Amino acid sequence: MRKMEKKNLVTKTPTQASLRKYYDKIVSKFSDREPLVVLTLISLPYYEQREYADQNQLFQVLSDISTLLKENRLPSERIFYFGHSEFIIVSLRIKEDEVNSLNLETRQQLNDTYFELNGKKQELRYQFASLKLNQREPLKFDDVLKKLHRKQETDLIDEYLL
């Protein structure tokens with residue numbers, strides 16, 4: 001049970017409990033000289049609908065996404081999986097514009113993963129949100145998650161307005 005709390009069996013990545021501990025370590029070591037830290041949240045909307053349709057295939061898709069992230073992101077980045085299709089990538093010592101270009105590449109690479117329903121290929125939509133941590137006033141972990149989710153909601157609203 002302890003292993004399951006620390007590592008997701010489907011994606012083979014650390015979970016939210018591990019991220020909380022890692023985040024506390026990062027924040028406790030913040031200083032003026034500390035390198036930049038950027039958190040990126042990648043989520044799959046409509047996860048519950050797909051889970052209801054075919055859970056085994058969804059597990060395979062999540063495993064494929066996890067493998068793609070591990071292979072194509074930088075070795076210095078840490079990848080964590082939250083339940084209900086959310087991945088968080090912690091980028092240390094990387095400039096914000098580099099993280100944005102990495103996210104753009106990742107978004108393009110993720111377009112190759114799909115969900116099949118009744119013999120038809122269903123493309124997956126991804127929502128990305130990045131947050132640069134403020135070193136002078138570090139946020140609590142729950143506040144960081146709220147900000148990332150709020151950014152995703154804002155992007156979703158902007159997408160519908162266009």
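Where does lysine 140 lie? Select lysine 140: you'll land in the loop between strand S6 (127-132) and helix H6 (141-161). Helices here are DSSP runs of H or I with at least four residues, strands are E runs of at least two, and both are numbered from the N terminus.

A quick word on what you're looking at: this is a predicted model, where local features need pLDDT of at least 70 and side-chain atom pairs count only at pLDDT 80 or more, while totals for chains, interfaces and linings use all residues. Residues are numbered from 1 along each chain as its sequence is written, and side-chain values use heavy atoms, with hydrogens and water left out.

Stay on lysine 140 for a moment. Its relative accessibility is 63%, so lysine 140 counts as exposed.

Next stop: arginine 78, in strand S2 (residues 78-82). Buried or exposed, or something in between? Arginine 78 counts as partly exposed because its relative accessibility is 36%. Much of its strand is hidden, though: four of the five residues of S2 are buried.

Now select strand S3 (residues 86-92), which runs antiparallel to S2 and is joined to it by five bridges. (Two strands pair if DSSP finds at least two bridges between them.) Look across from arginine 78 and you'll see valine 90 of S3 standing opposite. S2 and S3 make a hairpin with three residues between them, and in the turn histidine 84 has a positive phi of about 65°.

How many residues of S3 are buried? Seven of the seven are, so S3 is largely enclosed by the rest of the structure. In a regular strand the side chains alternate between the two faces of the sheet. Show the side chains of S3: Glu86, Ile88, Val90 and Leu92 are on one side, Phe87, Ile89 and Ser91 are on the other, and all of them are buried.

Last stop: strand S1 (residues 37-43), antiparallel to S3 and joined to it by seven bridges. Pick valine 38 and find its bridge partner in S3, serine 91.

Key: Buried means under 20% relative accessible area, exposed over 50%, partly exposed in between (1.4 Å probe, protein chains only).
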